[in-house]
Amino acid sequence: MRWLLAALVALVIGAAATLPALAFEGDTILVGGPGGKNDRDSCGGPDAMVGLSYKAGEDLNVVWMTCAAMHGPAADCRPSDQGAWGHYADNNHGARGGSIQCPPPMVVQAIYLTESAVRLVHDFWLLCRDLATGAKFNTDWSLTMGGVGGPSGNANCGDDGYATGILVSYGSMIDALGLI
């Protein structure tokens, strides 16, 4: 009888280990400077965050997130862009724009960023994770038109979660970022 109970416990533990990670419950910290107005946006439904697009001068001016529908442990549906925060202004420095995306079927687990001397988000990159295999991938960094990134920080949903939205502190530029 004990061997039957032990076999049943082993079966339950084995089955639980193969389940995909659940979406992170709650908010991460905001990483960056102290200024700006705080806002948040969720992908909605069973969707997950799979990328972040931007426009930048010497620091980040505008960001908007990309979401994709989840099918089991995979974000494999057509991605869609959400609303934008910040205000684009050239300020005689020129501008760059881009999109930092997780490769399918990966989702965003963390955002890493550097803060400029004036306490704005200077640049960022994403840590992506495949929920089925646990494989991780660091994206390229966002690009700016100069300036210098200083201290770095991160907002991480942890190995048992993934992002379903974004936290933004902004004014005319991006002050801080976090994940939902």
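When I say strand, I mean a DSSP run of E with at least two residues, and helices are runs of H or I with at least four, numbered from the N terminus. What you see is a predicted model, where local features need pLDDT of at least 70 and side-chain atom pairs count only at pLDDT 80 or more, while totals for chains, interfaces and linings use all residues. Residues are numbered from 1 along each chain as its sequence is written, and side-chain values use heavy atoms, with hydrogens and water left out.

Okay, the sheet. Four strands run in the order β11-β10-β9-β12, and they make an open, antiparallel sheet. Pairing here takes at least two DSSP bridges between two strands. At the edges sit β11 (136-138) and β12, each pairing on one side only. From one strand to the next the twist averages 20°, using axes that are lines fitted to C-alpha atoms (for helices, over the stretch in contact) and angles from 0 to 180 degrees between N-to-C directions.

Now look at β12, residues 152-156, which holds G153. Its partner β9 (residues 107-115) runs antiparallel to β12 over 5 bridges, and I111 stands opposite A155 in β12. What does G153 contact, beyond its neighbours within four places in sequence? You'll find V31, I111, Y112 and L113, with contact meaning heavy atoms within 4.5 Å. The C-alpha atoms of G153 and T114 are 6.5 Å apart, although 39 residues separate the two along the chain.

On to the packing. A nonpolar core is a set of buried Ala, Val, Leu, Ile, Met, Phe, Trp, Tyr and Cys residues joined through side-chain atoms within 4.5 Å. Buried is under 20% relative accessible area, exposed is over 50%, and partly exposed is in between, with a 1.4 Å probe and protein chains only. The largest such core has 30 residues, and M49, L52, V63, F124, I174 and L177 have the most contacts inside it. Elements giving it two or more residues include β3 (48-56), β4 (60-68) and β9.

Most residues other than glycine have a negative phi, and most peptide bonds are trans. P104 and P105 are joined by a cis peptide bond, omega about 5°, and P105 is in the loop between β8 (96-101) and β9. R119, not a glycine, has a positive phi of about 65°. Where is R119? In the loop between β9 and β10, partly exposed at 43% relative accessible area.
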